[in-house]
Amino acid sequence: GYLNRPEMASNRLCKTSIGVFIQRYGSLAEDNDGWDMPTRELMALLAATAPQLQSLLYQESGQPSVCMSSAFSAALSQLSQLTSLSLNFHVALVTTAQVDAMVQGLPSLQYLDLTGGRNFLTDGFPVGIATSCSQLQHLQVWGAYKTRPPPELGCLTRLTSLKLGFISHSIPASISHLTALRDVEMYNCYGFTELPEQLWNLESITRLCLSTEDYSLTRSISRLTALHNLTLSRGSCYALPVELTACRQLTHLPLGSDAVSPVLARLQSLRSLSVTHGHQLPYSLYWTELVGLTQLRVHVYSDGVLQFSGISGMTSLRKLVLRGSIELPGGPYISRLQSLSLLESRDYRAGPPALQGAAQLQTLAFTPPNGFISYDDDDDAAFVISLPAALKTLTLIHAEMLHVTAEEWNQRVSHLRAAFIAQGRVPPVIRGNQIIVP
């Protein structure tokens, strides 16, 4: 019915960029041509927008897949201007032949995203992507667990971003031909223990993300001299080689591990560090020696409240995110801090005593454990009023809004505003879960 609206014919944005979501529950009735209603409407939508359509985002939940039909592939072949295609499957299983047929008529495609469950590609990696889409610059394929990325990937010489997820084999040596590649990501990849040596010769790479179980970073990392962002999780980060210090442009390092390497202390170019630990903070916090660090994120899984005093002298910090039951430390760094997030904190009011010297703090966010906390109106008002004067935005991210009626929530907001007025202050503006402090 949406296709019949007058604005569909006049809205240029609708003709050049479309998002579609289809959720199926079992088999649907078919018409005389063998199409069910979602397929029929999708075909009409594509026909109405061709050839102006440039970007198509398609999400589908259910079996069988609508977009893997021959009719869909035929409709796509008419979209001569299509440069961006995202297909996200929640249930459907897809064959290589179906993907190859779909992309065959899309020679102008520059962005392709195929995302599904770990085994949604059932019989191999779609080679047709490499042979038909010579203009491709971004390729993301998540869900080819039992397949091997083919050597034909080396044909995509314009590729700048390659993201592979849930694959059990390493990328091919032909990656050496992708000299424009800047962003490489391997997410939840299991089963391989090494990466091709040719990868380390691509000096164009500025971001490398490895999420694997059995792979450890090698000395060859020193060749990626342009690397800015190195993301390591699972087993890939248990040992940071000393050769990492050769990456002198490295500024962002997210780590997901229970081990923190002393090599960190030598990465003086770092400006952003993210560390995820198990149930305790390490005894030696090597990042405290990173005097230039401006952003720090620490996530700890723990039942008890942990002391975290290692950052007290890091006056370069401007943004701090503590997730888990971590007690906010005091110290000189507070006076320079501009953004603070205390996520999953046991008591969202635990921060203010340490924040009294936070003269430059502008953004403050809290989330309680499990997204719920019992609030008291008077305590809320006193808490907000006691915050630093420079604060511009306070975000209370919680599920309270889901557990109270709209009337109760509005009463709470009115109480908070009245408390500000009683103090002779301009009342805050409430936008969703944000309190904008004038």
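1. Of the protein's 438 residues, 50% count as buried, that is, under 20% relative accessible area, with exposed meaning over 50% and partly exposed in between (1.4 Å probe, protein chains only). This is a predicted model, in which local features need pLDDT of at least 70 and side-chain atom pairs count only at pLDDT 80 or more, while totals for chains, interfaces and linings use all residues. Residues are numbered from 1 along each chain as its sequence is written, and side-chain values use heavy atoms, with hydrogens and water left out.

2. The protein has 10 helices and 18 strands; these are DSSP runs numbered from the N terminus, helices being H or I of at least four residues and strands E of at least two. Among contacts (heavy atoms within 4.5 Å) with a separation of 6 or more, 47% come from residues 24 or more positions apart.

3. The largest nonpolar core comprises 99 residues, and Leu-56, Leu-139 and Leu-208 have the most contacts inside it. Such a core is a set of buried Ala, Val, Leu, Ile, Met, Phe, Trp, Tyr and Cys residues joined through side-chain atoms within 4.5 Å. Beyond its neighbours within four places in sequence, Leu-56 is in contact with residues including Ile-18, Val-20, Phe-72 and Leu-85.

4. Strand β3 deserves attention. Because 6 of the 6 residues of β3 are buried, the strand is largely enclosed by the rest of the structure. Ser-84, Ser-86 and Asn-88 are buried on one side, and Leu-85, Leu-87 and Phe-89 on the other. Strand β2 (residues 55–61) runs parallel to β3 and is joined to it by 6 bridges; strands pair if DSSP finds at least two bridges between them. Within this pairing, Leu-57 has Ser-86 as its bridge partner. β3 also pairs with β4 in the parallel sense, over 5 bridges, and there Leu-85 stands opposite Leu-112.

5. Helix α5 (residues 96–103) has Thr-96, Val-99, Met-102 and Val-103 buried. Seen down the axis, the buried residues of α5 fall within an arc of 130 degrees, so they line one face of the helix; the arc is taken from the directions from the helix axis to the C-beta atoms. Their cover includes α4 (70–76), β3 (84–89), β4 (111–115) and α6 (128–132).

6. Leu-230 is in strand β9 (residues 229–234) and counts as buried because its relative accessibility is 0%. Not counting residues up to four places away in sequence, Leu-230 touches several residues, among them Leu-208, Leu-217, His-252 and Pro-254.

7. The structure holds 5 salt bridges, each defined as a side-chain nitrogen of Lys or Arg within 4 Å of a carboxyl oxygen of Asp or Glu. One of them joins the side chains of Asp-183 and Arg-207 (2.8 Å, N to O). This pair links distant parts of the chain, with Asp-183 in strand β7 (residues 183–189) and Arg-207 in strand β8 (residues 207–212), 24 residues apart. Asp-183 counts as buried at 16% relative accessibility, whereas Arg-207 is partly exposed at 23%. Lys-163, Asp-183, Glu-185 and Arg-207 are linked in a network of salt bridges.

8. A salt bridge also joins the side chains of Glu-243 and Arg-219 (3.6 Å, N to O). Glu-243 lies in the loop between β9 and β10 (252–256) and Arg-219 in the loop between β8 and β9, so the pair ties together parts that are 24 residues apart in sequence. Glu-243 is partly exposed at 22% relative accessibility, while Arg-219 is exposed at 62%.
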